[in-house]
Amino acid sequence: MTDHPTSRPLRSRAWFDNPDNIDMTALYLERYLNFGLSLEELRSGKPIIGIAQTGSDLSPCNRHHLVLAERVREGIREAGGIALEFPVHPIQETGKRPTAGLDRNLAYLGLVELLYGYPLDAVVLTTGCDKTTPACLMAAATVNIPAIALSVGPMLNGWYKGQRTGSGTIVWRARQMLAAGEIDHEGFIKLVTSSAPSTGYCNTMGTATTMNALAEALGMMLPGSAAIPAPYRDRQEVAYRTGKRIVEMVAEDLKPTDILTREAFLNAIVLNSAIGGSTNAPIHLAALARHAGVELDIADWQTHGLDVPLLVNLQPAGEYLGEDYYRAGGLPAVAAQLMRRGLLHENALTVNGRTIGDNCRDAVIEDEDVIRPIDRPLKEAAGFLVLRGNLFDAAIMKTSVIGEEFRERYLSNPEDPEAFEGRAVVFDGPEDYHHRIDDPALAVDENSILIMRGAGPVGYPGAAEVVNMRPPAYLIRSGVHALPCLGDGRQSGTSASPSILNASPEAAVGGGLALLRTGDRVRIDLKRGTADMLLDADEIARRRKALEEAGGYAYPASQTPWQAIQRASVGQMHTGAILEGAERFQRIAQTSGLPRDNH
Ligand code: FES
Ligand code: MG
């Protein structure tokens with residue numbers, strides 16, 4: 001148990017102990033007493049710890065946090081704090097329309113107001129489903145009070161006829177099987193639902209597993225805790241330890257900006273490559289870095305991450321699932337391997353008050369088939385490529401999911417890697433794609449590149465996970481299971497498609513993709529990091545002029561107030577797709593001081 005108060009006054013004292021404004025103090029006290037806190041507690045000088053609850057019936061991936069929060073509370077109380085739990089705007093990746101991507105900034109905004117405007121000295125962030133983790137971390141970085149993240153953990157492994165079935169990943173495969181006539185509708189549903197046998201988030205290395213791993217890699221979560229499956233008893237135990245630890249962090253005044261340094265972000269980039277992490281990570285880390293005031297460029301992903309080997313054998317890049325990963329040692333075991341090659345900044349501080357080096361250096365691999373030793377990786381150089389050209393200023397490609405043949409031909413042949421050239425087949429949004437993909441008139445063949453546009457932060461709005469597109473059914477039946485895809489939307493972290501994603505600027509704000517037409521030739525040179533439409537400058541200028549005269553790339557009207565607000569201020573994905581500010585408001589990266597009294 002830690003001693004309180006410290007020499008530093010607690011933030012919450014401004015609410016409960018204000019001799020200059022005794023009326024207000026009374027008002028605040030009166031309201032917090034009526035659910036059972038005593039005057040004695042509120043006057044005790046104990047730190048008040050928020051539990052930012054992301055679980056609800058609308059967010060089943062995080063719902064187990066409703067149970068875990070009880071253990072967090074006990075930990076907080078045991079260490080001498082007072083716990084106040086409150087809801088965060090729910091985000092559920094697959095349930096929210098038009099896309100959960102729209103809600104990250106909304107949950108962020110809401111949480112900033114709560115952390116800033118209430119008498120909280122610190123917060124436990126309950127993370128899980130894809131965007132809940134970055135939304136919570138971004139808010140904590142903005143308000144910069146002591147914060148610790150608690151992952152809800154993945155679901156148990158899914159099984160079907162003796163095979164592991166992983167969330168999301170099985171959907172992409174089952175879709176192809178359905179299109180090829182190998183299974184019927186009922187078989188499709190059975191296969192897909194088998195992948196979700198318990199509470200928790202997606203059990204593959206999708207965006208949820210990735211972002212929780214990266215929260216730990218950044219130092220914002222207790223070491224070894226991100227990967228514990230949701231129903232395991234260890235999960236309950238770490239919830240308790242998280243509650244205890246946050247109280248100590250108040251005494252130590254250990255704040256997000258002490259932990260979220262550039263070195264921590266570079267560690268996260270390196271670890272993301274080694275785990276085969278999601279293509280959504282660069283967007284969320286860029287957003288978090290900007291709220292933490294850290295310089296991080298999209299180019300850092302290639303500079304620091306590309307040459308890192310893939311060590312974790314999890315779907316979609318590999319074979320296993322969340323339970324296997326945890327049993328094999330989780331993130332600390334991966335970090336220990338990377339340290340052997342000097343790939344991590346070992347001095348980066350973490351929430352337990354120790355460095356990532358001290359936390360992880362001695363971690364061992366318990367199963368070398370699931371987590372590979374660094375001298376026997378699954379793949380060398382398995383990070384993200386960052387591409388540019390006349391189609392966009394920045395886009396990324398996840399190389400850990402590229403097939404060996406493709407890699408050999410277009411990327412790793414050191415003498416003369418070929419550029420990939422193909423005929424563009426352009427879709428304006430997923431509805432257009434679903435409507436037309438199987439139409440023989442499109443003449444999609446094995447030399448086609450499928451293009452998705454209108455799917456970015458402004459166009460969709462919110463940036464949807466729609467860039468990974470299956471080939472037409474007739475091509476799948478003839479053995480072509482994947483075509484190169486490129487677009488200004490995102491791709492699910494559970495997909496293994498070799499796609500070029502997150503193209504910025506998007507078509508909706510005048511990016512080069514808006515000028516492309518079906519039938520144009522597109523050239524992608526992975527070795528040089530370029531992607532271009534093969535049109536001469538005059539033709540590009542003509543099309544640009546015509547687009548401007550038509551009033552720009554057309555996209556559907558906003559349907560809710562938030563869609564309109566987000567569209568008016570959101571930035572592009574390579575810089576985090578955060579609220580940049582707009583005509584009537586200025587972007588605020590960090591809150592300052594304390595809020596004024598409310599009466
Ligand atoms: Fe929520 Fe995958 S849909 S974690
Ligand atoms: Mg997703």
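Biologist: Let's start with the open sheet: how many strands does it have, and in what order?
Modeller: Bearing in mind that this is a predicted model, the open sheet has eight strands in the order 7-8-12-11-10-9-13-14, and their pairing is mixed. Strand 7 (384–387) and strand 14 (530–533) stand at the edges, and because each has a single partner strand, one side of each is left without a neighbour in the sheet. On average, and ignoring direction, neighbouring strands of this sheet are turned by 25° against each other.

Biologist: And strands 9 and 10, in what sense do they pair?
Modeller: Strand 9 (residues 420–428) and strand 10 (residues 448–453) pair in the parallel sense, over six bridges. Asp428, for its part, stands opposite Arg453 in strand 10.

Biologist: Switching topic, which residues have the most contacts inside the largest nonpolar core?
Modeller: Those are Val123, Leu271, Val334 and Ile451, in a core that has 172 residues. Helix 12 (residues 262–275) gives the most to this core, with nine residues. Domain 2 (384–550) and domain 3 (561–592) both give residues to the core, so it lies between them.

Biologist: What is Val123 in contact with?
Modeller: Leaving aside neighbours within four places in sequence, Val123 is in contact with Ile49, Gly50, Ala52, Leu115, Ala140, Ile145 and Ala147. Apart from this core lies another one, of five residues, with Trp15, Phe16, Tyr28 and Leu42 among them.

Biologist: Now Gly322, is that buried or exposed, and why?
Modeller: Gly322 counts as buried because there are 31 C-beta neighbours inside 10 Å, where 20 or more would be enough. Gly322 has its place in helix 15 (residues 322–328), and, not counting residues up to four places away in sequence, Gly322 touches Pro154, Met155, Asn157, Asn203, Thr209, Ala227 and Pro229.

Biologist: How far apart are Gly322 and Leu311?
Modeller: They are 11 residues apart in sequence, and 14 Å apart in space from C-alpha to C-alpha.

Biologist: What does UniProt say about residues 46–359?
Modeller: The unreviewed UniProt entry annotates residues 46–359 as "domain: Dihydroxy-acid/6-phosphogluconate dehydratase N-terminal". Over those residues the chain is 48% helix and 9% strand, with the end C-alpha atoms 29 Å apart.

Biologist: Last one: which domains is the protein chain divided into?
Modeller: The division is into domain 1 (158–196), domain 2 (384–550) and domain 3 (561–592), and the C-alpha centres of domain 1 and domain 3 lie 39 Å apart.

Conventions: Residues numbered from 1 in each chain as written. Chains lettered and ligands numbered in written order. Predicted model: local features only at pLDDT ≥ 70, side-chain atom pairs only at ≥ 80, totals over all residues. Helix = DSSP H or I, 4+ residues; strand = E, 2+ residues; numbered from the N terminus. Buried ≥ 20, exposed ≤ 12 C-beta atoms within 10 Å, placed from the backbone. Contact = placed C-beta atoms within 7 Å. Domains from an automatic or database assignment. UniProt positions renumbered as here; feature names shortened; annotations may be inferred. Pairing = 2+ DSSP bridges. Axes fitted to C-alpha atoms, helices over the stretch in contact; angles between N-to-C directions. Core = buried A, V, L, I, M, F, W, Y, C linked by C-beta atoms within 7 Å.
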